[in-house]
Every structure is written in C-alpha cells, then in structure tokens.
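Subject: Handing over the model

Hi,

Here is the structure I promised to pass on. Have a look at it first, and then read my notes below.

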Amino acid sequence: MTSVSINGVRKSYGPVDVIHGVDIDIEDGEFVVLVGPSGCGKSTLLRMIAGLEEISGGQIRIGQRVVNDVSAKDRDIAMVFQSYALYPHMTVADNMAFSLKLKGLDKTERDARIAKAAEILGLTPMLKRFPKQLSGGQRQRVAMGRAIVRNPQVFLFDEPLSNLDAKLRVEMRSEIKSLQHRLKTTMIYVTHDQIEAMTMADKIVVMRDGKVEQADTPLNLYDKPANKFVAAFIGSPSMNFIEGSVRGSAFVSNDGVTLPLPSATVVSDGQKLTYGIRPEHLALGNGDGIPAVVQLVEPTGAETMVQLRIGSSVVVGVFRDRITAKEGETIHIVPDSSRVHLFGADDLRLA
C-alpha cells in the first residue's frame, strides 16, 4: 500500500491558473473521491498525479518518492478512464494481458495475474470473448481488470461510470468499493456525482474553481459542511437556504417568516445570516408549524418530494408520508431545529 501527498500543487495554462495551490494527504489504502462541478479542476489534478499533465508548481509524492519529473509509465500507477478503450480485435484475456506483454512478463506470470483479476471481477467465463460481445458493465470490468493485473501502487479512476445507465452505475459502485476492500490499494476517484462520492469514499475532497473547499469523511461533509457551497453540493436534493437575520431567540426571513434556531447557537440579535435546512429535515405539521404553499408534488414511491413556497422563498421537502395536498394548497412544516445550519455573511458555517 502507498500514500499520496499533494503539497501546494498548481497548474497554469499560460497566464490562466486552473489549480491554485492544492494540498491533499491520502493515506495508505484509502479510497479518496475528488468531487465538484464541471471545470473545478478535479480531472486536471488526477492527470497531474498520473503524470499526464505537467505540474506548474508544488510537489506530488507517491509513497516516499517525489514524482514531479517522473514519467507516467514509471510512477507505478494504473488509470481507468471514462472510455473503456478496449482493443476490439483482442479477447478479454488479451486486452488484460497487453500491458504485461509490453513489460516483458513471461506467459506463466501473465496468465496467473489474468486469472486472479478475472476471478475478482467475475470475468472468468468471458476471457475468450471480444469486447463487442460484452455489456457496458462487463467492458468496464475488463478495463478495471487491465489495471489490476499491473499490481500498481495506486489506482486512478476518471469518471469511469459516466457511460453506464443508472442501474449499472449502482451495481458498479458496489463492485468498485468491494474491489478496494479486497485489494486494500490506495484509490483516487474523480466524479461530478456526489451520490457516487458519498456511497464509495473513505474521504471526499470537494473542489471548486481549482481549490479545495473541504476534505472530510462523507458523513462529516453532510453533517458539518464548511460553507454554503459544500452544503449545497453534498446532499440530494440540495440544502434549502433562506436569507434573513436573528430576532431575539429566532430567525426571521427577509419577508417576515419566523424559523427556529438551534438551541446552542451563539448569534447576535440583528445578525444577518443564511438559514440552511436539508429537505429531509423538514417534517409535516398537524395544523401547527410554518405555513407553506405547495408548488409541485413528486412522488418517488418510498418518499415524496414537494416543492414549497414559504413567503417568497422556494424550498424542497422530502417526506416519508403520503402527500395528498395539491398545487396551490397550504400545508404546515416543522424544521428540525437541531439539524439547522447557519452561514454568516462570508458563507462560512456558524452552526
């Protein structure tokens, strides 16, 4: 197992800076997911770790070795891309063996590594098939097998599930996480899908505009987001935000709606804040609570997602109860005050 250390790493294309002094420490055997919106720099950072992009500044260390000037082929990493990039004229076994042939490994060792990887990935019955005879999920497993046979120090994944349908993505998420547990190898995984990040990662690194906004465990990011951006990005549906200020022991929105504050919050009377509450932390009131006008009802089976207007603010609630209210009708909701997040004028989390 091998750690990866990223210290003050920068990337510029001419006068344009796209990565701004990123620091990330990845421990031996850790599964780290880089997540963020398109253009945040996560794939560029992954390519710098892989040696496919030059580093403009800072240092990348894989294990005990600084690899800034080490070529990609000598970094002892394996990368799985969004595109399967399989050779169509080669069988599954030959696709997996190709890099080993280039390294000059003898046939006995190659066959042993292929057999082991195929067993791990459930590909043993398919070794003689060609890529056109495989499903999308099977092709992605072959691409992963091609990486596994190399026995790398670090696995890198660049949005490997983007080409799969929703059902296959769920299945492959489980397979990749299971694979990491079995191999106990350091893995760095890039995605824009925060559900993938939450379900797979030991640690999530949230990026925006070439900077790290927060790096923490999935549940800590969910429960204690450092700022409004992380709070909005982590969680689906996104956190609701209402602008207003503190009035006595309560929060009052800009249009006069009163909302409960967490009991342990230290705020000043009149202080301007953003009130954050996740959709799943709103409950239906029995005639009491805050009046909200129903704008849209979206039943999903186990839960019902409801878009609501509270004063001039539009919020989303997720309820386990069946909702019979129609558009335009008024219901009452009760925020769980213990799960409220407050953000100051600088968008940093206060509570």
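Before the notes, one term about handedness: a crossing counts as left-handed if the near helix is turned anticlockwise from the far one by less than a right angle, and as right-handed if clockwise. Helices (H or I, at least four residues) and strands (E, at least two) are DSSP runs, numbered from the N terminus. With that in hand, the crossing of α2 and α4 is right-handed. Val-92, Asn-95, Met-96 and Ser-99 of α2 meet Val-142, Gly-145 and Arg-146 of α4 there, where contact means heavy atoms within 4.5 Å. Sorted by class, that contact has 3 nonpolar, 3 polar and 1 charged residues. For the classes, Ala, Val, Leu, Ile, Met, Phe, Trp, Tyr, Cys and Pro count as nonpolar, Asp, Glu, Lys and Arg as charged, and the others, Gly among them, as polar. The two helices pack at an angle of about 35°, and their axes are 8 Å apart. Axes here are lines fitted to C-alpha atoms, for helices over the stretch in contact, and angles run from 0 to 180 degrees between N-to-C directions.

Some housekeeping: this is a predicted model, so to speak of a local feature I need pLDDT of at least 70, side-chain atom pairs count only at pLDDT 80 or more, and totals for chains, interfaces and linings use all residues. Residues are numbered from 1 along each chain as its sequence is written, and side-chain values use heavy atoms, with hydrogens and water left out.

In what order do the strands of the open sheet come? The order is β2-β1-β4-β5, 4 strands with antiparallel pairing. Two strands pair if DSSP finds at least two bridges between them. The edges are β2 (16-26) and β5 (65-66), each pairing on one side only. Between β1 and β2, which run antiparallel, there are 7 bridges, and Val-9 stands opposite Val-22 in β2. These two strands form a hairpin with 2 residues between them, and Gly-14 in the turn has a positive phi of about 65°. On to β4 (residues 57-62): 5 bridges join it to β1 (residues 4-13), again antiparallel, and Val-4 has Ile-62 as its bridge partner in β4. Helix α1 (residues 42-50) lies across β1, β2 and β4, at about 115° to β1.

Next, the open spaces. On a 1 Å grid over the protein atoms alone, a cavity is a set of points where a 1.4 Å probe fits but cannot get out, and a pocket is an open set with protein on both sides within 12 Å along at least five of seven lines; lining residues have an atom within 4 Å of a point. Grid points are joined across faces, edges and corners, and a volume is the space filled by probe spheres set on the points.

The largest pocket has a volume of about 640 Å³. Its lining has 24 residues, and Ile-77, Ala-78, Met-79, Ser-99 and Arg-150 lie nearest the centre. β6 (77-80) supplies at least two of the lining residues, and so do α2 (92-102) and α4 (136-148). By class, the lining divides into 15 nonpolar, 4 polar and 5 charged. The second largest pocket holds about 240 Å³ and is lined by 14 residues. Helix α3 (residues 107-121) gives the largest share of that lining, 4 residues.

How many cavities of 30 Å³ or more are there? The count is 1, with a volume of about 40 Å³ for the largest cavity. Its lining has 10 nonpolar, no polar and no charged residues, including Ile-242, Tyr-275 and Leu-282.

Finally, a few details. Pro-237 sits in the loop between α8 (228-233) and β11 (240-247), and the peptide bond from Ser-236 to Pro-237 is cis, with omega near -5°. In the loop between β5 and β6 you will find Asp-76, a residue other than glycine with a positive phi, near 60°.

Cheers
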